[in-house]
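Hello,

Here is the structure we spoke about. My notes on its cavities and salt bridges follow below.

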Amino acid sequence: MDLLEQTLSTGQGASSPLISLINFLAVSYLSEYFCVCVVKPSEEFVLVDVEIPTMIITVDERFNRTLLQGIEHGCQAFIVFQEVALWPFLDSFLDVHDDSDQRSARKKLIAVLDSPDSEMFDKFCAHPAVRDLPDLLMIVTSTENDTMLFYTTDISGDGTRGTVRVTMLPVTPPDYFPDKTKNMKGVPIRFQTLMYPPFTYYAETTPENANARKDPRYYQDDTPIFIDGTEPRLLVEFCQRKNCTIDAYFDEVGLWGGVSENRTGTGILGAVATRRADFAVAANYYWLGPYRFATYSEVISRSGLIVLVPKPKIVAPWRTPFLSFSKSLWMAVAVAFAVGVCSVWLIEKGRSHIVGSAAGGHPKSLSDSLLTMIGFYMEQNAFMRNDLMACVFLFGALLFAGFMVGNLYGAGLAGIMTIPQFEKAIETRHDLADTGLTFVGNDLAWMFALMPSPQAYIQKIVRDFKVVDDDYMVEHRHIHDVGYIGERTQFGHFGPVDYLDVESSRHFQLLKEDLSYQYCVVILTKTCPFKQSFNDLMIVIRQSGIQYFWETLVANRYLSVTIQQNLLGSGPSDSDAVVLGVSHFLGAFLILSIGCSCATIVFCLECLYAKLKRRGYTEVLVRSRIEWIVRWRNDRQMRC
């Protein structure tokens, strides 16, 4: 005995067989939902007496607001009575769901009508909301012979681009809600993406290799399209299993775009939010802006936001003698050197008072003390006093200290001259913020994940980001004055790299840590009828591990293997030892040149001073200077 015969024979205490049938259908097929909305005309009396949550909504001037409140409170299935309530419900269905924060999948609709004609069926099938309600049961009652007929929609494609055909078919009990996602009968899915390997890729191809068609709303030609990438492969696999087709549009102008609060948008994100597309992928994250008017699928993969920065340059050769010690160590050595010079000079002064100047000659001057300390640090011979125990202790300590400093400097210099030295590398997020390096990308969507961060250094990174076109990125790849934003995929590849060539890729390296990481998802319309079926397939694919194979295959096809190796395996420490050359001694030659120049200038001044002194000019100059100072002081006193 089918469901209708059971209901009519039992009655279940209801006021009419129709209400009993509705109650039975609600219990059998709608009890899985959080709440069921019953939509009826204002004059209609409906009694749905079942033990499931229900909400009665009357069609009046506040119907849209009431329906939105019902959906916000959990209405996931609907029972609509009479044609006068059906049309307002269908007209409001898409807009109300877009304004709602609820995103339940597999919504069901039971429509109860009184003897509709063929025109009403045609109007019903042409309504855009019907395409998003495949789980539909229409109950047609006849007052003349007290019969009830059951219908559902048959949604299919007719083989042409962009065409969806909806017809009414009778339902055979007891399968009142057949699963239409098992065979979608060639229904075209409006798909949007952009060129972004290894995530997405497309190209024109031959009909036998094509897996998609151009969306006729954007393209006049019907050139076959091959779409590929780690994310479009999911949709291709879904359509192969579920018998659907793909109408694709590639937005290389708007790119990802964005969505405004007034439900307008650009790019692939705006296309889904405004229902110009059903399905969009291009490494989309869980962004808050598009989520206001769309929904997301289950996680596809993990992706890290990362910056490609210029490699540190080799330190100038003239700095070689100064690289053995760090700045702080050089300061410590300089302080110790100054203390040593003062100590030698002071102990020489004290010694002359103790033993007299006749014993051991004249005490050392300040210049003698300076040369003595230089001799200690250079591990050269230096004259040391030994007639006082204080001298023995002092010169012994200075000799040991100079020996240690000289050996440490020599060891450090040997390593510096053998292994090339580089400037400080940009390796972390903090390094990127501290250096203030401008890094570029082709869309503001790169920063969506970082903009909400309250951390100051992250906000500085956001301010350093600059949106540019592709020509700008190509022009600066050999200048090395900017970084490039990109993504590190779940299995270790980097993209995009279309602005780099093999030579320029040798001069860039990735940060050692991601700026942030998020999960890539598909952006869908809120009432997408195949969302749950697609999520189920995607979970199976993720569990199989085949995505690793897909990513490797796509990366080898569409990304330069040489560039990937240069970027992923590069770093300033990769350089091997080098043979010593003239450039290693530029620092020593520079010091020698400066020393010789200073000695020459000072020698000339000393010669001039001695010549003037012999002619008596020195006393005259000093006397005139003293007289000028006396006159200046007297004038100042008179003014006061």
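The lining of the largest cavity is made up of five nonpolar, five polar and two charged residues. Please keep in mind that this is a predicted model. The volume of this largest cavity is about 100 Å³. Among the residues that line it are Pro198, Phe199, Arg302, Trp550 and Glu551. Helix H17 (546–558) and strand E17 (301–310) each supply at least two lining residues, and H17 gives the most, with three.

In total, the structure holds three cavities of 30 Å³ or more.

On salt bridges, the count comes to 25. Arg302, one of the residues lining the largest cavity, forms a salt bridge with Asp514, with the closest N and O atoms 3.6 Å apart. Arg302 lies in strand E17 and Asp514 in the loop between strands E22 (508–510) and E23 (516–524), so this pair ties together parts that are 212 residues apart in sequence. Arg302 is partly exposed, at 29% relative accessible area, whereas Asp514 counts as buried at 15%.

Asp278 pairs with Arg190 in a salt bridge, the closest N and O atoms being 2.7 Å apart. Here Asp278 is buried, at 16% relative accessible area, and Arg190 is partly exposed, at 25%.

Regards

Note on methods:
Residues numbered from 1 in each chain as written. Predicted model: local features only at pLDDT ≥ 70, side-chain atom pairs only at ≥ 80, totals over all residues. Heavy atoms only, no water. 1 Å grid on protein atoms, 1.4 Å probe; cavity = no way out; pocket = protein on both sides within 12 Å on 5 of 7 lines; lining within 4 Å. Points joined across faces, edges and corners; volume = space filled by probe spheres on them. Helix = DSSP H or I, 4+ residues; strand = E, 2+ residues; numbered from the N terminus. Nonpolar A, V, L, I, M, F, W, Y, C, P; charged D, E, K, R; others polar. Salt bridge = Lys/Arg side-chain N within 4 Å of Asp/Glu carboxyl O. Buried < 20%, exposed > 50% of the residue type's maximum accessible area, 1.4 Å probe, protein only.
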